[in-house]
Amino acid sequence: MGSLTEKAVNNHKSFYTCSGAVLCAFADSIGISESEAKSISMPFAGGRAGKCGAIMSAEYVLREKFGQDADAKIAEFEEKFIAADKGSVMCTDLRGKVPGSCRACVTDAARILEEMIG
């Protein structure tokens, strides 16, 4: 497990939302503060946007890192997430149906993101 993935998992263990755990772990990578990351990630928490909040935060990071080329990276990210025994990116499909639910989603989203951004 990479250091940013570990940070995301520790954030979640410290009662951050799924989206906050991921975005706060990667905040430095996109030049924002942890406080900004918490604020930005709040609308993504708990599947309020439909997709898993951890995924929404990872995709936010990809958009910030890759700009106009982000769509292809996001599609690649989602493929990898689904292939990691999740089967979906939608919160309602994941919550309570995936072993470890939110923590597992935070872990996989952060791991895949960390691999993609190096």
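This is a predicted model: local features need pLDDT of at least 70, side-chain atom pairs count only at pLDDT 80 or more; totals for chains, interfaces and linings use all residues.
Residues are numbered from 1 along each chain as its sequence is written, and side-chain values use heavy atoms, with hydrogens and water left out. Local features need pLDDT of at least 70 and side-chain atom pairs count only at pLDDT 80 or more, while totals for chains, interfaces and linings use all residues.

Start with helix 1 (residues 3-13) and helix 7 (residues 101-117). Helices here are DSSP runs (H or I, at least four residues), numbered from the N terminus. The two pack at an angle of about 155°, and their axes lie 8 Å apart. Axes are lines fitted to C-alpha atoms, for helices over the stretch in contact, and angles run from 0 to 180 degrees between N-to-C directions. Helix 1 and helix 7 are therefore roughly antiparallel, a label for angles over 145 degrees. The crossing of helix 1 with helix 7 is right-handed: the near helix is turned clockwise from the far one by less than a right angle.

Which residues of helix 1 and helix 7 meet? Helix 1 brings Ser3, Leu4, Thr5, Ala8, Val9, His12 and Lys13. Helix 7 answers with Cys102, Arg103, Val106, Thr107, Ala110, Arg111 and Glu114. Contact means heavy atoms within 4.5 Å. By class, this contact has 6 nonpolar, 4 polar and 4 charged residues. Ala, Val, Leu, Ile, Met, Phe, Trp, Tyr, Cys and Pro count as nonpolar, Asp, Glu, Lys and Arg as charged, and the others, Gly among them, as polar. An α-helix has 3.6 residues a turn, so residues three or four places apart point the same way.

Now take helix 4 and helix 5. Their axes come within 9 Å and cross at roughly 150°. Helix 4 and helix 5 are therefore roughly antiparallel, and their crossing is right-handed. On helix 4, the contact uses Ile55, Ala58, Glu59, Leu62, Arg63 and Phe66. On helix 5, the partners are Ala70, Lys73, Ile74, Phe77, Glu78 and Phe81. This contact has 8 nonpolar, no polar and 4 charged residues.

Helix 2 (residues 18-25) is mostly covered, with 8 of its 8 residues buried. Buried means under 20% relative accessible area, exposed over 50%, and partly exposed in between (1.4 Å probe, protein chains only). Among the buried residues of helix 2 are Cys18, Leu23 and Cys24. The buried residues pack against helix 1, helix 3 (34-41), helix 4 (53-66) and helix 7.

How many disulfides does the structure hold? The count is 0, where a disulfide is a pair of cysteine sulfur atoms within 2.5 Å. Cys24 is buried at 2% relative accessibility. The closest cysteine sulfur to that of Cys24 is in Cys18, 12 Å away and so too far for a bond. Cys91 is also buried, at 10%. The sulfur of Cys91 has its closest cysteine sulfur in Cys52, at 6.0 Å, so this pair is too far apart for a bond as well.

Is Arg48 buried or exposed? Arg48 is exposed, with a relative accessible area of 58%, and sits in the loop between helix 3 and helix 4. Leaving aside neighbours within four places in sequence, Arg48 contacts Met42 and Pro43. Arg48 and Cys91 are 43 residues apart in sequence, yet 8.5 Å apart in space, C-alpha to C-alpha. Lys86 belongs to helix 5 (residues 70-86). Lys86 is buried, with a relative accessible area of 12%. Lys86 and Lys97 are 11 residues apart in sequence and 9.1 Å apart in space, C-alpha to C-alpha.

Conventions: Angles under 35 degrees count as roughly parallel, over 145 as roughly antiparallel, 65 to 115 as roughly perpendicular and the rest as oblique.
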